[in-house]
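This report is for a reader new to the structure.

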Amino acid sequence: MKPSSHGLPAHAAAGIAHSVHLPDLEAAVELTGAHLRTVNEGWRYPWHDHACFELNLVTAGEQRTALASGELHQRPGDLLLFAPFDAHSSRNAGSGALSYFCLHFDLDDPLLRQMLCRSGTRLFVAGSPIARALTPKLQRLIELAQATPPPGTDAEAQGLQQRLAGLSAWFDVLSTLTACLQDELASHPPVPAARLRLATQLSRWIEQQVQDPGCEQSLQALVARLGYSASHIHHLFREVFGMAPQQYRTRLKHRRARLLLQDATLTVRAVAEALGYDDMAHFSRQFKRWEGVSPLQFRQRAA
C-alpha cells in the first residue's frame, strides 16, 4: 500500500479534509556544567577553551574575561556568549565577591550552529534586547539549580523530574536566543544553501561512522566523496559548525563515550569497542584528556 506524503496509507489520507503538522524534530542538544557560583576577591580562572558554546551571566560583582582579541568587562546583568574553541580566562575584577551563572551547551542542528557561529563570542550588556529577553529564562534554570526537594521525595523520581524541568527551561533559553539572533542577523547574508548542504552531508557521514566505527573512513576519504578540495570543504565546515571536521568527530566520540558509560549494563571495554578503540589503554588516556578522570571514575561519579 502506497503511503501518503505524511506517512499515512493512501486510503486514510484520502478522507482528510484539513491537516496541519509540526516539522519533524531530530536534533541532539547537550547542556552540561550549569552552575551558580560565588567567588571571593582575587579569584581567577586560567586560560582554557572547549568544543562547546558557553553562556555566562554575572548576577553580582564584576568579572573581566581575557580573549585573544582583547578584554571584556561584565557587570551585573551582563551576559557573555562564547563560541567553541575561543580561548579565554576570567577573573574577579571587583573588590568584593563575584557571583555568576555559567552553562555549556552543544547542538548539531546546522542552521542553528551557523547562526551562533556567525554571532561569535560577544557581550550582551544588561538592558540590551537580548539580555532582557534571556535573563528571565536563565533565572528559571538558576531556580531549578537552587531547588530543594520536599522531605520524603524519592531521589530517583526527583532527579528525573528535575532533568525534565531543566530540559524544558533550557529549550526556552535556546528558543529565545535563536529568535533574538535571527532578528539581529537578518541583514547579514547566511551561508548559501549549496554550501550548507555540503557541510551537513559531511557531518552526517561523520555521525554515522561514530555510531558504527566498523565502517569508519578517514576524513580525507569522506571529503574526497564530496568532489571539492579539502581546503574548501574545511573552510565551509568551520563556517557552519564552528570547528574543523576532525574536532567535530572528536566531539561526537566524547559525547557518545559519556552516554555509553552511563549504561551500567556495558563494561568499560565494551564502551571502548563501541567507539572503535581496540586498545583499552588508548581509550582510557583519551577519555581522561576529555574529562580529567578515567572512564571508571566517570562512571562512579555519574552513578
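A polar contact is a pair of N or O atoms within 3.5 Å, and within protein one atom must be able to donate a hydrogen and the other to accept it. The model described here is predicted.

## Surroundings of Q63

Q63 lies in strand 4, which covers residues 63-67. The side chains of Q63 and N56 are joined by a polar contact of 3.1 Å.

The relative accessible area of Q63 is 1%, so this residue is buried. Leaving aside residues up to four places away in sequence, Q63 touches W43, N56, V58, L72, H73, Q74, S90, R91, A93, L98 and Y100.

## Helix 5 and helix 7

Helix 5 (residues 193-211) packs against helix 7 (residues 230-241) at an angle of about 90 degrees, and their axes are 9 Å apart. Helix 5 is therefore roughly perpendicular to helix 7.

On the helix 5 side, the contact is made by R195, L196, L198, A199, T200, L202, S203 and I206. They meet H232, I233, H235, L236, F237, E239, V240 and F241 in helix 7. By type, the residues of this contact are 10 nonpolar, four polar and two charged.

## Confidence

The average pLDDT of the protein is 84, and 87% of the residues score at least 70. Confidence is highest in strand 3 (residues 53-60), with a mean of 95, and lowest in helix 1 (residues 10-13), with a mean of 56.

For residues 1-5 the pLDDT is below 50. This stretch has 10 contacts in the model beyond near neighbours in sequence.

Technical notes
Residues are numbered from 1 along each chain as its sequence is written. This is a predicted model: local features need pLDDT of at least 70, side-chain atom pairs count only at pLDDT 80 or more; totals for chains, interfaces and linings use all residues. Side-chain values use heavy atoms; hydrogens and water are left out. Axes are lines fitted to C-alpha atoms, for helices over the stretch in contact, and angles run from 0 to 180 degrees between N-to-C directions. Helices (H or I, at least four residues) and strands (E, at least two) are DSSP runs, numbered from the N terminus. Angles under 35 degrees count as roughly parallel, over 145 as roughly antiparallel, 65 to 115 as roughly perpendicular and the rest as oblique. Contact means heavy atoms within 4.5 Å. Ala, Val, Leu, Ile, Met, Phe, Trp, Tyr, Cys and Pro count as nonpolar, Asp, Glu, Lys and Arg as charged, and the others, Gly among them, as polar. Buried means under 20% relative accessible area, exposed over 50%, partly exposed in between (1.4 Å probe, protein chains only). pLDDT is the predictor's confidence in each residue, from 0 to 100.
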